[in-house]
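Let's take a walk through this structure together. Have the sequence and the 3D view open, and we'll go from one spot to the next.

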Amino acid sequence: MPLTPFPEPIFITRPILPPVSLMTDKIEQIWGSKKLTNRGEQHKQLQKRLEQYLQVPALALFNNGTIALMVGCHSLRLSGEVITTPFTFPATPHVLAWNNIKPIFCDIHPSTLCLDANHVESLITPGTTAILGVHVFGIPCQVQAIQEIADRYGLKVIYDAAHAFGTEIDGRGIGNFGDLSMFSFHATKLFHTAEGGALTFRDPNLRDRIEFLKNFGIKNEDEVVLTGINGKMNEIQAALGSLVLDVLEEERRKRRRLLGIYKERLGSIPGVTLLEPPPSVRPSYEYCVIRIDAELFGRTRDSVYDSFKGFNVFARKYFYPLCSEYPCYKHLPSAAPSRLPVAHRAVQEVLTLPFYGDLPEADVEKICTILLSFHKRNPPASG
Ligand SMILES: *Cc1c(COP(=O)(O)O)cnc(C)c1O
């Protein structure tokens with residue numbers, strides 16, 4: 001049977017959309033309350049539910065993940081240099097730059113693709129104040145090793161957990177590691193509020209500082225105590241979040257089944273590796289990510305990415321390019337490609353495939369068949 005393109009474009013994700021009638025009910029409640037933002041009832045409920053779901057002692061809601069991370073860095077009074085990864089979304093190093101902090105790029109671990117704890121120590125200088133790790137694709141950083149280094153040098157530890165909603169290590173919520181973690185609730189993430197985000201933190205004494213900082217530094221009617229910003233989540237975002245949370249476990253179950261099909265089908269293609277967390281980790285199911293070894297597979301990732309388009313499959317080179325290659329960071333000594341060999345290889349090999357609960361199983365099968373048809377052993381595919 002000839003392989004034909006999908007009739008409609010298939011993208012890597014699709015937001016969870018609860019029935020619109022449920023959202024209308026929520027909107028009516030909000031209208032009735034006459035309170036659209038500034039910690040209303042919806043905000044209170046979502047905050048409490050997320051603290052439970054993520055198993056964290058404290059959580060603050062934000063209008064997006066980037067502002068949450070900016071406030072997080074500010075709340076810990078970070079300055080000078082912060083060690084981070086080049087293999088991430090632009091928001092991670094930009095947040096440091098907006099806090100007047102110099103990002104120091106550290107090479108990544110070959111299997112987790114997160115900042116490699118083995119290289120952190122050599123990058124520490126008297127100016128270093130923190131380590132900012134990213135749990136890339138929901139696969140955790142080496143949290144224990146990172147904490148040990150931080151403790152030895154008196155550094156703070158922050159995590160960009162934008163991809164790790166619901167990830168657990170040995171049954172512990174990922175937000176419990178480090179001093180604080182940021183979650184993104186952007187529509188492309190697993191759990192979302194259209195736009196939104198949160199900080200989770202260990203020290204409940206940080207609560208007031210973070211709440212003041214996300215509201216212009218206002219403490220009360222008479223006092224503005226900090227250089228705050230506007231990071232507040234509004235009631236409509238929070239209401240949507242509650243509805244998305246109601247169906248999240250169902251979405252995760254569907255995604256687990258699809259990932260099983262991907263795993264089975266891709267396991268037999270030489271040169272293709274599915275990225276998976278270790279057995280001690282409960283995955284987030286945010287992304288389905290493969291690495292393509294150009295030599296073994298016979299085609300480069302870029303060529304696979306382009307050929308997929310001919311079949312109406314829009315995979316993503318996620319993350320590409322490396323942050324250390326942006327014009328604003330390229331000049332930094334730590335951005336030199338010779339110091340980041342593992343990251344430079346990964347950024348050429350990683351490809352994110354379509355992955356969302358409503359993606360039909362037959363479509364996953366077909367995406368795998370299309371990928372197999374690109375392999376060097378097979379004659380050129382049509383499409
Ligand atoms: C999505 C994302 C962000 C940004 O989150 P927003 O909520 O869109 O501001 C930051 N870091 C990573 C790794 C992300 O994937």
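How far does a polar side-chain atom of histidine 163 lie from an oxygen atom of the ligand? The distance is 2.8 Å. Keep in mind that you're looking at a predicted model, so distances like this one are computed from predicted positions.

Stay with the ligand for a moment. There are 15 residues around it, and the closest are Thr66, Asp160, His163, Ser184 and Lys189. Aspartate 160 reaches a nitrogen atom of the ligand, with a polar side-chain atom 2.7 Å away. Lysine 189 has a side-chain N or O atom 3.2 Å from an oxygen atom of the ligand. How much of the ligand does the protein cover? On its own, the ligand has 380 Å² of accessible area, and the protein covers 94% of that.

Now for the rings. The structure holds 17 aromatic pairs. Take phenylalanine 165 and phenylalanine 183: their ring centres are 6.2 Å apart and their planes sit at 85°, an edge-to-face pair. This pair brings together distant parts of the chain, 18 residues apart. Phenylalanine 165 is in the loop between β6 (156-160) and β7 (168-169), while phenylalanine 183 belongs to strand β9 (residues 180-184). Are these two buried or exposed? Phenylalanine 165 has 2% relative accessibility, so it counts as buried. Phenylalanine 183 has 1%, so it's buried too.

Next up are phenylalanine 185 and phenylalanine 191. Their planes are at 90° with the ring centres 4.8 Å apart, so this pair is edge-to-face. Both phenylalanine 185 and phenylalanine 191 are buried. Step back and you can see a cluster: ring pairs link Tyr53, Phe165, Phe183, Phe185 and Phe191.

Arginine 255 lies over the face of phenylalanine 355, 5.4 Å from the ring centre. Look for lysine 317 too, which lies over the face of tyrosine 320 at 5.0 Å from the centre of the ring.

Let's finish at helix α13 (residues 361-373). Why does its length make sense? The helix has 13 residues, and at 1.5 Å a residue it should span 18 Å; the C-alpha atoms at its ends are 19 Å apart, so the two values agree. As for which residues of α13 are buried, they are Asp363, Val364, Ile367, Cys368, Ile370, Leu371 and Ser373.

Conventions:
Residues numbered from 1 in each chain as written. Predicted model: local features only at pLDDT ≥ 70, side-chain atom pairs only at ≥ 80, totals over all residues. Heavy atoms only, no water. Phe/Tyr/Trp six-rings, centres within 6.5 Å; stacked < 30°, edge-to-face > 60°. Helix = DSSP H or I, 4+ residues; strand = E, 2+ residues; numbered from the N terminus. Buried < 20%, exposed > 50% of the residue type's maximum accessible area, 1.4 Å probe, protein only. Lys NZ or Arg CZ within 6 Å of the ring centre and 35° of its normal. Near = heavy atom within 4 Å. Polar contact = N/O pair within 3.5 Å; in protein donor to acceptor, adjacent residues only side chain to side chain. Areas by Shrake-Rupley, 256 points an atom, 1.4 Å probe, with all protein chains shown as cover. Expected span 1.5 Å × (residues − 1).
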